[in-house]
Amino acid sequence: MPRAIDNRFRIAGASLALFCLALFLTAYSAKNKQAAGIGAAIVQQLLHPFQTVSFKIYGGFASVWDSYIGLVGAAEENLTLRQRVEALENQNAHLMEVAQENERLRGLLKMGEDSKLSSVAARVIGYDASNWIQAVSIDRGSQHGIKEGMAVLGSSGVVGQVIAAAPLSAKVLLLTDHSSGIDAIIQGTRARGIVEGAGPNECVWRFVTEADEVKVGDRLVTSGADGVYPRGMLVGVVSSIDERGKGVAPMIKVEPAEDLDRMENLLVVTSLAPVVVEARKK
Amino acid sequence: MRRLLLIMFLGLMGLLIQSTLIRGLFPHIVVPNLLMVMCVFLAFYETSVAGACTAFVLGLLLDMCGGIVLGPWAGSFVLVFGAVAFVSQRIFVESPVAIMVTTFVCSIVANIVYSSLAYQVSRSEFSSPEIIALEAVLNALLCPLLFALLRKLLKRRDRQGGGKRYHFART
């Protein structure tokens, strides 16, 4: 019996010592972000083969579901999509007109640079294991030119940035994570602020200049000032404004443009460096 | 030692299931923390210093998977392990209700410890009571199944490896 008690206290002592080690690690990795990045890269590399295989299997099931069972209601969806294509074609024509006009004006102003980006396409192969961190794993890593801090875009807008890069895969912190922040402006009024993550599928816009001019439905785009995200990328739409009273900044909620739960293919921006356009050199 | 390595491998598999299958199939739901359940299992059936170290490594794996900060999960897992191991002889582990209640309480404690530690370093809000409660319920519901699976796997390994006979901490 005394031996059992002795064992219990030994375990309690060991647990306490390990807890202190955990506290030290927490403090250390908070100061040295690289440590957490290296740790994530190791786990990422360990999980990569399993993640790739399991996503292929899952993709197969999803494909069967989409091809056969999911066809119920396809006619209705088809009609909606046709209408959407028509609307987008109209919008596209208008945007092409604007782009040409922009080109001409740039030529007039002799602006010799363009914002062409170099990027790498990637597929989502995993999500974060806990409920607290909003992150995804992608199937491209340092061997494909991906590095920490690179911006990641989806088909509809900004997704997040790379926080760890293993040789064959990488971890992307989503814009909805609490530790994420993006310098953004409103497309129309140019009011500026920081879009911070606020949990699953939600962001808040803080430190907003000219907050009075913000309306629900306003589109937020990246300002490019943070040096991470290219300028003019859609971040999200203002979904609600909560006026908390006089003297307190309003709580502006933003719905991300990208459906972060359903995205499959992403684009990692490997270089933000401006590319000189040949025609303008002349 | 081999048994603990096997548990770590199973922990890695748990991470894989959490991060791919469950999230892929049910993107909008709260995911159960399988590693947390494994930590409670360890506290019942591996009441030793090596068990505490394994709980620490399992927590560290979860931290490394997140990639933001290392240590909060490791700390919370070790605290849960220590507390459960300390009282494990007073808990009837053959009763599913007993282990479900223990896992439920441990999940809530672990999440609160994690939130507190993570808040200290990132100043971010990690305090959604709904998520904590839902995760605890899911963990509690899954634990009888996971405990049975882990017991079966470890018993089989002991029989094959000819190692020491598997024993329960207290029945």
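The model is predicted: local features need pLDDT of at least 70, side-chain atom pairs count only at pLDDT 80 or more, and totals for chains, interfaces and linings use all residues. Residues are numbered from 1 along each chain as its sequence is written, chains are lettered from A in the order in which they are written, and side-chain values use heavy atoms, without hydrogens or water.

**Interface**
- Chain B gives 57 residues to the contact and chain A gives 51 (heavy atoms within 4.5 Å).
- About 4700 Å² is buried between the two chains, 72% of it from carbon and sulfur atoms (accessible area, 1.4 Å probe, lost on being put together, summed over both parts).
- In chain B, B:Ile68, B:Leu70 and B:Phe86 lose the most area to chain A, together 15% of what that side buries.
- Between chain B and chain A there are 0 salt bridges (a side-chain nitrogen of Lys or Arg within 4 Å of a carboxyl oxygen of Asp or Glu).

**Salt bridges**
- Over all chains, the structure holds 5 salt bridges.
- One of them joins A:Asp139 and A:Arg140, with the closest N and O atoms 3.7 Å apart.
- A:Asp139 is buried at 17% relative accessibility, whereas A:Arg140 is partly exposed at 28% (buried is under 20%, exposed over 50%, partly exposed in between; 1.4 Å probe, protein chains only).
- A:Arg206 pairs with A:Glu196 at 2.7 Å between the closest N and O atoms.
- A:Lys253 and A:Glu202 meet at 4.0 Å, N to O.
- A:Lys253 is partly exposed at 28%, and A:Glu202 is partly exposed at 29%.
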